[in-house]
Amino acid sequence: MEVARPQLIHRWISVLVLICLFSYEAHCFYLPGVAPQDFQKGDPLMVKVNKLTSTKTQLPYSYYSLPYCKPEQIVDSAENLGEVLRGDRIENSPYEFHMREPQMCNVVCRTVLNAKTAKELKEKIEDEYRVNMILDNLPLVMPIKRPDLDTTVYQHGFHVGLKGQYAGSKEEKHFIHNHLTFTVKFHKDPQTDAARVVGFEVRPFSVKHEYDGEWNGKNRLTTCDPHAKRTVTSSDSPQEVEDKKEIIFTYDVEFEESDIKWASRWDTYLLMADDQIHWFSIVNSLMIVLFLSGMVAMIMLRTLYRDISKYNQLETQEEAQEETGWKLVHGDVFRPPINSDLLCVYVGTGVQFFGMTVVTMTFAVLGFLSPSNRGGLMTAMLLLWAFMGVFAGYASARLYKMYKGTEWKKITLKTALMFPGIVFVLFFVLNALIWGEKSSGAVPFGTMFALVFLWFGIAVPLVFVGSYVGFKKPAIEDPVKTNKIPRQIPEQAWYMNPVFSILIGGILPFGAVFIELFFILTSIWLQQFYYIFGFLFIVLVILIITCAEITIVLCYFQLCSEDYLWWWRSYLTSGSSALYLFLYAAFYFFTKLEITKPVSGMLYFGYMLIASYAFFVLTGTIGFYACFWFTRLIYSSVKID
């Protein structure tokens, strides 16, 4: 009876898991912060302001860094780690909405510019900065009609202002958008009369407001009057930005009932104008890569099968002496490489990256890291990176012990500090540049401390735990014995030159991702949402297969030409795709972006260098393990005397 009890408990646990899965299907749960909120007629709607952004400078600024109207007390919304690193600064605003109660020409405040504030506004208008706001977790968008496609596209936020000329004048002036016409779209429940916000749009105008008499805060505007039903519909008499100029900020609120349900409200935000090209390009790319992978796999399997059969059928001593190809180097193929410590560190770091990437992508595909969960993706990546340290330590220690290493603490410390240390130094320098520009994108001291704690408080101890476990295990046995004296490597053909074969090897993995890379770069640097995680997951799988196969093929050719120095070359072959990624990033910078400021250019190339370095570690490790598995497989398949 005692024996049966664990089985019974196991069975009950299985039943409970199944019930949970089915109940999950029937009753979906909501993530924190993204649950629907019902509003009755007249309920207040909290409008929050976010950062000012520009695709020309890539430097975000706080909304209240410009002379906009402020509430009595500015309250910061609680932000997660990802939001702070992205430069999001979400604060309350003086805009007051009430559900399904339209407002016309509400005066927010009046301000008089001085030389400093006028200069700041002109600079932001010159750099095409956009104002971002949030209502019920929905970002503010500006609908723009596209007559060529007969559709409406949505731009995030609205421009601070615009440049223009008065009729008959050649002098260019700066004008501020000081009147906003908001449209709140809602979906009403016919039974309860409650409504949910499903859209938040704006039409900005620049208007030089006029009024009678001296300003006392209660004046009726002659340019925009709710009593006379006079509304702002154009920017025919715009508000100029100059020293000593008076600006009156006003807004309208319109409510529009919509058929869009709350669950589908993000669909319009995620709509891409070129979605057909996007899908076609990705599918086309995947088909080519799959076809190439199939060809490579078929050639490899047939050639290898023939080789192994031939080697195993060698009977006479004369035939054995005449053997050529990869079997000849069996006594040197598992000889530890030069700088084996560094290879162990990079392989361990790559395993850490691989674990983080796969788990993050899985959560993203399941919808946990959608754009509505603001900052969730970056927070998840950082936390997973820290927790995956245990696998980094384990992988590096196992490889180190196989190389007959004894100082496991030294290799563990290198694994825990090397890659994050290089990235942290680069990040710190870039953050100093952002801080020098007084941008809200600069990471505060508290957040920097949190990152350091995440590194030294969680990641480093976990690397040591993994390394301790990995080093305690028995060393991986080589399938063949290694000779004491290294064999001389014959002169290689030009196409087997290490540099040439490494550079050739990186082309195919890069080809698997470069189309998707365009959309990722666009979403990061042109402030658009990236949401096609399903396709990205497929691209990741294709990348893994491609890295593995191209490395195996080139490793096979290398061994056939009696060159047994495959350890580092296998890592660098697929890892070289990171070089193409960085070159593509440079091409994207000069062809798609309009960045002119030196600091912004340094930020772009600095962050893309970090991304390329991470990509190198990830792809290199995939190639290394594929080659490691391949060499052990083929040398354990042949009879060696």
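## Starting at Gly 620

Let's begin with Gly 620, which is buried at a relative accessible area of 0%. Here buried means under 20% relative accessible area, exposed means over 50%, and partly exposed is in between (1.4 Å probe, protein chains only). What you're looking at is a predicted model, where local features need pLDDT of at least 70 and side-chain atom pairs count only at pLDDT 80 or more, while totals for chains, interfaces and linings use all residues. Residues are numbered from 1 along each chain as its sequence is written, and side-chain values use heavy atoms, with hydrogens and water left out.

Gly 620 sits in helix H17, residues 598-635. Helices (H or I, at least four residues) and strands (E, at least two) are DSSP runs, numbered from the N terminus. Leaving aside residues up to four places away in sequence, Gly 620 touches Ser 570, Tyr 571, Ser 574 and Gly 575; contact means heavy atoms within 4.5 Å. Tyr 346 is 274 residues apart from Gly 620 along the chain, yet their C-alpha atoms are separated by 8.5 Å.

## Thr 349 and helix H7

Next up is Thr 349, found in helix H7 (residues 340-365). Thr 349 is buried too, with a relative accessible area of 2%. Its side chain reaches the backbone oxygen of Val 345 at 2.8 Å. Setting aside residues up to four places away in sequence, Thr 349 touches Trp 385, Thr 415, Phe 419 and Val 617.

## Helix H8

Helix H8 covers residues 376-387, 12 residues in total. From first C-alpha to last it reaches 16 Å, close to the 16 Å expected at 1.5 Å a residue (the expected span is 1.5 Å times one less than the number of residues).

Buried residues of H8 include Thr 379, Leu 384 and Trp 385. The helix's buried residues pack against H2 (81-86), H7, H9 (389-402), H10 (408-436) and H11 (445-472).

Phe 500 belongs to helix H12, residues 498-505. Phe 500 counts as partly exposed because its relative accessibility is 34%.

## The whole chain

Zooming out, the chain has 17 helices and 13 strands. Of its 641 residues, 49% count as buried. Among contacts between residues at least 6 apart in sequence, 80% join residues at least 24 apart.

The chain exposes about 33200 Å², with carbon and sulfur atoms supplying 62% of that. Accessible areas come from the Shrake-Rupley method with a 1.4 Å probe; for residues, only the protein chains shown count as cover.

How values were computed. Polar contact = N/O pair within 3.5 Å; in protein donor to acceptor, adjacent residues only side chain to side chain.
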